[in-house]
Structure formats: C-alpha cells, structure tokens
Amino acid sequence: MAGGGGGDAVGGGGATEITLEYTPTWIVASVCSVIVAISLLFERMLHRLGKRLLRKSRKTQYEALLKIQKELMLLGFISLMLGVFQSATQKICVKESVMRHLLPCRLPSSVSAGSAKFAGALGGARRLLSGGGAVDDYCLRKGKVPILSLEALHQLDIFIFNLAVTHVVLSVLTFVVGVAQTKNWRHWEGKIQQNDDSGTQTIKHVQEFKFVRDHFKGQGIRWKIFGWMRSFFKQFYGSLTEEDYIAMRLGFIEKHCRGNPKFNFYNYMIRAFEADYKKVVGISWYLWALLMVFLLLNVHGWYVYTWLSLVPFILLLVIGCKMEHVITEMAVEVAQKHTAIEGDVVVAPSDDFFWFHRPKVVLYLIHFILFQIAFEIAFFFWLLVAYGYESCIMGKHAHAITRLVLSIASRILCGYSTLPLYVIVSHMGSSFNKAIFDDNVSEDLANWAQSARRRNKRNKTNVDAANSSIDERHGGVVQMTNA
C-alpha cells in the first residue's frame, strides 16, 4: 500500500483529482504517443508545404508560411509560461473585495464574505470554490483569495490558442477568396497582352470614354456628393470594371515603366499582395495590446463587445467607399485636364488620393479589421464550448448572435470586395512596390546592393587608413622641423 498521502487522490470521495502518481502507465504512454504523433505529422506537413512552395518559386508565400510557424512557436511559449507559472499565480493573494469589481457576470447576491472564496477566470468569469488544496489554503490562511484559479489559467491558455489559430485560418481563407475575385482581371490582362497596339491611335473626346462617362457626372458640390454615394454603393456590385482596370494599368505603366507597354500588371499586383499578406497573417504587438484592452472591457452591463463588433463592419464600408472614390477622383482629374485624348485613358497615380498621403494606411486598417473579426468569432465559439450558450458571460442572446452575424458579414465583404479593391487601388500611389521585379531580379538587386555597401565600406576603410598614414608622416616631419 502506498503512503497515506495518496488516499484522498485515489478514493477520497472525489475531493481532488487523480494525480500522475496513481495513473496507469499504459494510459500515460498512450496519450503521450498520440500527442507526439499528431505534432510530428503537423510539423512534417508544414515542412513539405514549404519545400513545395520553394520548388514553385513562391518565395513570398513561403515567407508567409514561416510567419505562421513563428506565430505557432509564440503560442507554444505562451502556453509554456502559463503552465510553469500556474503555481506561482496561486500564491498571489488579493483581498476578496478586489474580486467584486469589473465582473463580466453579475455576482450572486447569496455570496457573502467567509462563505466562499473567489478564483479569477478569463475575462472575469467567476467560479465559487469550496474546499481546495494546499495552494488555496495559502491565501485562505491570510484571509485572501488567489488572483487567478487553475481552471481560469487553463481556459485562458485555450482561448489564446483558439484566437491565434482562428486569425491565421481566416486570414488564409480571406486571401484565397480575395485572389479568386481577381480571376476576371487575369482574363483582361490576357486580352491586353494579345492585342497589337501598333496601329494608329485615334483622338476621342473624353466624354466618349466609358471610364470617364461612368465616373464623371459634372462639377459642383451636388456632383461631388453623388460621386461619394455612387462609390459607397458600387463596392457591393461590380466593384471594378474592365475600363477601370485598363485605365489604372495604363496609368501605372506610364508612370513607373513607360518603356515596357506589355508589362504584366496583374502578376505584379498578385506578387505585391502576397508580400503584404505576410504582414496581415501575423499578430503584431499592437494587436496583442488590443486583446488586453478587449478583455478588460468585458464588463457586465457595458455591452462593449456589441459596439466593438460594429467597428470592423463600418471600417470596411468606409475603406471600400474610399477605394472606389480614388478611382472616381482619377477619372475626374482626367476630365478636368483634357478635352480630347489620343489612344486610351491614362490616369495619373498619386499619393494625394489616399489618407495621410500613404496608401499603406489601408493595409494596417485591414490588419486590425481581420484581427477584430477573428477575436469576435473565436470568443463566441470558445464561450459556447467552455461555458455554454446560456452562460452569463455570453451576454444577451440577441447581442451574441448580432456580433457573430456582423463578424461573418464583415469577412465576406472583406474577401469579396474590400481586399480586391485594395489589391489594385493601393498601387495608384506615387511609388511602386519592389515586387515589380520578379524573385530572381529582386535577389540579384539585393546581392548587388549588398556588394556595393561592402565595397563602399572597404574603400572608406582604405581612405581612412591612407589619411591616418599621411597624418603620421606629416606629424613626424613637423617634429623634425621643430627639433
């Protein structure tokens, strides 16, 4: 018979859980084998996917995969920290009155000091615990309660992992849907590449061009308001026409690669978007900071999450409207500067069309929107599994369903309209992305720049050494003269 300390763990009326000391070894070995096998299988899948991307020269997508692996490693480290410090958190004791503020659920009126003790839970979900082990007794002897229970730490670990995985998966799906929406653009690009432009260019009045006629309706405040209204509603149907694509393509080529009229603008956009995707798929430090703010604001009666769910949806509508209006502004500029045009319409890309004169601002907004939507969806399903639909932390049922519907609608709108618009309109700025060169050329340029920096550094070192030698000789001559 084992020592008397194990009696409660084996059959002491269910007061405590069975520890590893009294768990059959075949169960421990079997569970560990399954976990290790699944982990190794997942690791090999990622490895093979990376090798396949490299074989197909999809360097940007391979770098995005490395970013995902980095996020998974960070999640593993967070889980490790939560496990290592779980005993330490049980020895951080606070007064019971502290646990009665900023609760996501209303505290039962039957709870009184001394009759129960509190253990913190994620977002404030509280469990009333009677009894407990030696760690709970540590705070109980001081007349206080632990700042966070073991159950709360476990749920916190699950939620953070769920949030990160949800964000990565939804980002991948949104990227796939967004690129799929550009299939018509590939067809338009193919038609342009096949056309022979060696013929004479006819002169047309600007109002004869469908691109100008669709966007420019006149001058004055009345038509400006109409232009904004049209831009708002156009993002829901046919957000980009063939005339829009051709005009922006010609404007980009005229500004950045005039000597290459057959430049494949579609391939450039996709390469540039893949480079931006590496930033969107990750969780930056400011998004982790926002997560802390979201958890802090989950207080009963505030309904903050309901209002927060409106933010990404409204932002997407504003961004889509702005992207459409950039196209309208370029058409208006053409109509105001020209009465007739030889050939096709050529717009003039400029940073002045964008917020703060920076097209990349839209990318940061989309990054925030995708994370906020992932948070809403992950939070809903985590609560549903962990606490049930009737849990008080879920809030009012109407609010919970509204948040979920808005999040899903925002994801659909982002993949269907906002993201494709960003893919093309973001390149209507004054500068171009380094993705204008293919991977081989970019690598050669990077190697050339690195070699040039090394040569400059070596030449500078040689010049400094020569100057030092001259100064030394000059100093010796001066000393001899003085002597």
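Reader: So which hand does the link of Cys 93 and Cys 139 have?

Author: Bear in mind that this is a predicted model. In it, the link of Cys 93 and Cys 139 is left-handed, with -80° about the S-S bond. The pair ties together distant parts of the chain, 46 residues apart: Cys 93 sits in strand β1 and Cys 139 in helix α5. Their S to S distance is 2.0 Å.

Reader: Are those two cysteines buried or exposed?

Author: Cys 93 counts as buried because its relative accessibility is 17%, under the 20% cut-off. Cys 139 is buried too, at 0%.

Reader: How many disulfides are there in total?

Author: Two. The other joins Cys 105 to Cys 392, S to S 1.9 Å. That link is right-handed, with 100° about the S-S bond. Its partners are 287 residues apart, with Cys 105 in the loop between β1 and β2 and Cys 392 in the loop between α15 and α16.

Reader: And why does Cys 392 count as partly exposed?

Author: Its relative accessibility is 47%, so it falls between the 20% and 50% limits. Cys 105, at 11%, counts as buried.

Reader: What pattern do the disulfides follow along the chain?

Author: Counting bonded cysteines along the chain, the pattern is 1-3, 2-4.

Reader: OK, and Cys 257 and Cys 321, buried or exposed?

Author: Cys 257 is buried, with a relative accessible area of 14%. Cys 321 also counts as buried, at 9%.

Reader: Changing topic: what's the overall makeup in helices and strands?

Author: The protein has 17 helices and six strands. Buried residues make up 39% of its 483 residues. The protein exposes about 27,800 Å², and carbon and sulfur atoms supply 62% of that.

Reader: Which stretches does UniProt list as "transmembrane region"?

Author: The unreviewed UniProt entry lists several, including residues 26–46 and 361–384. In the model, residues 26–46 are 100% helix, with end C-alpha atoms 30 Å apart. Residues 361–384 are also 100% helix, and their end C-alpha atoms lie 35 Å apart.

Reader: What span should helix α2 have, going by its residue count?

Author: α2 covers residues 25–55, and at 1.5 Å a residue its 31 residues should span 45 Å. Its end C-alpha atoms are 45 Å apart, which agrees.

Reader: Which residues of α2 are buried, and what follows the helix?

Author: The buried ones are Leu 46, Gly 50 and Leu 53. After the helix comes Ser 57, with a positive phi near 60°.

Definitions and conventions. Residues numbered from 1 in each chain as written. Predicted model: local features only at pLDDT ≥ 70, side-chain atom pairs only at ≥ 80, totals over all residues. Heavy atoms only, no water. Helix = DSSP H or I, 4+ residues; strand = E, 2+ residues; numbered from the N terminus. Expected span 1.5 Å × (residues − 1). Buried < 20%, exposed > 50% of the residue type's maximum accessible area, 1.4 Å probe, protein only. Areas by Shrake-Rupley, 256 points an atom, 1.4 Å probe, with all protein chains shown as cover. UniProt positions renumbered as here; feature names shortened; annotations may be inferred. Disulfide = S-S within 2.5 Å.
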